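Here is a short briefing for a reader who is meeting this structure for the first time. Please look through the sequence and the model before turning to the points below.

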Amino acid sequence: AGTPVSLAMNLPAVAGEARMQMRGDRLDLDARDLVLRPTDRMLAALGRPATADRPAMRLAADGSPVLRTNLRVTGLSTTDPAAWPESFRLEAAATPVRVQVGETAVPLGPTRWTITREPGAPLAVRITGEEGDAATLEADLRITGLPEPGRSGRTDPAALRITGHLEAADVAAAICDALLGADDLVAATMGATVTARIDAADFGTHGGSLRLEASGPTGRVDGTVRGERGALVVDPAVPLTAVLVVHPLVRDRVLSRIQPIFSGVSRSDGPLRVVISSAFVPLGDGVSAAAAEFRAEPATLWIEPGFDFLGLVAMFDRRGGRPLEATLQPVQGRLAGGRIVTDATRLVLSRGASIDFAAGGVIDLETRRTDIRATMPLKWLGSVFREAREIADSVTVPLLARGPFGTPLEVDPSFDLGRALLEAGIGGLLERELDRVVPGLGDLFRGLGGG
């Protein structure tokens, strides 16, 4: 055995003393009372890369975290970087810290970490936190499928399995967004804070199961996924369910891309319930290899007056252009070959009498284009204009949303709306009402109809 060597360190990021000793080509290390001071660079490395719209996490101006650490490593190979040490034990105690995410300073409570690996035993991770006003983290995990201690070898991802639980309480949604690179979607759907629990039962990409429960002031997610053939699988017997608030960010970045009729929604009376009844998502193969079936069950929606087709309906509302109440029937859809296909969905506009509107089609996630077709009877004219009640149902308008994500629904270019209304006998009525809204607009309509 070599002569023990003591190394004293007093650097900005680490201070303390470590004792080292060589045994042939193996190194034993024993460091006691090391003081580590994380830097902004270390913190930023935990999340997705920063962009112009998404700043990296950093330490708040009044945050000065300290990790007091004990580390013991036995039998670390000095000739084979791929070999695991014969054993190791890491104990760390983190003081409270404030993390800055954009303009938000988030407090994190004190935690204690213990990570151990002994011969013949799995890698064990235990995290405990103190309850208080700041976010806390608890975990007790066992990881198997790693190379044996003291032996060389690459880790086979198919053999890795995790058993145990992880629980986080009152974690700021801003932290979740930064770690996941979710561009504020977690905060938009779940609220300011998130509490979550994950239970793993021998879980890996080729077996076992993972149970997730997460909730916040405005949303929750729960369900179970299994590992199978290198993929994550949702079983129809245990669907994955999300109940989320319809926030403008969710509307613009998610919902309107799946179904353009969401694009004019300003708010909802209650959350949107999304159920993934089945899914097969291979890891690392891209969206084209994934498959899923889902449905969305929204509450009452409110559509803002605007310049798309539904917006024009709301604009003619004689209540003064206030948002138009609507009820969306469940949206059924499926993912296959990189494309989301949605069945025709009925939107019932409440205007004294119910008005049916149906839309469905294809969303290509690889080309980022939509091909949505819709139909809408002009029954809404009868609820706006009393004289048109008997004949408005005879006209059905075809609509299209064909183009990049976000393309609004518009009248099919091959459809002559003005001529159809004139043939139905309500063209003159509509011309007078258009002139009432905007002088001269009736003449423009007459020109569109060829009259």
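Does S87 count as buried or exposed? At 10% relative accessibility, S87 counts as buried, where buried means under 20% relative accessible area, exposed means over 50%, and partly exposed lies in between (1.4 Å probe, protein chains only). This is a predicted model, in which local features need pLDDT of at least 70 and side-chain atom pairs count only at pLDDT 80 or more, while totals for chains, interfaces and linings use all residues. Residues are numbered from 1 along each chain as its sequence is written, and side-chain values use heavy atoms, with hydrogens and water left out.

**Confidence**

- The mean pLDDT of the chain is 77, and 75% of its residues reach 70 or more, pLDDT being the predictor's confidence in each residue, from 0 to 100.
- Over residues 447-451 pLDDT stays under 50, and for these residues the model has 7 contacts beyond four places in sequence, a contact meaning heavy atoms within 4.5 Å.
- Where pLDDT is low, the predicted coordinates should not be read in detail.

**The chain as a whole**

- The chain has 9 helices and 28 strands, which are DSSP runs numbered from the N terminus (helices are H or I, at least four residues; strands are E, at least two).
- Of the 451 residues of the chain, 40% count as buried.
- Among contacts between residues at least 6 apart in sequence, 51% join residues at least 24 apart.

**Around strand β6**

- S87 has its place in strand β6, which covers residues 87-94, and, leaving aside neighbours within four places in sequence, S87 is in contact with R72, V73, T74, R117, E118 and P119.
- The structure holds 1 aromatic pair: the rings of W84 and F88 have their centres 6.4 Å apart and their planes at 25 degrees, so the pair is stacked.
- Rings of Phe, Tyr and Trp (its six-membered ring) pair if their centres lie within 6.5 Å, and planes under 30 degrees apart count as stacked, over 60 as edge-to-face and the rest as tilted.
- F88 counts as buried, at 14% relative accessibility.
- The charged end of R117 sits over the ring of W84, 5.2 Å from its centre (the cut-offs are NZ of Lys or CZ of Arg within 6 Å of the ring centre and within 35 degrees of the ring normal).

**Around strand β14**

- E213 lies in strand β14, residues 207-216, and counts as partly exposed because its relative accessibility is 42%.
- Leaving aside neighbours within four places in sequence, E213 is in contact with T195, A196, R197, V221 and D222.
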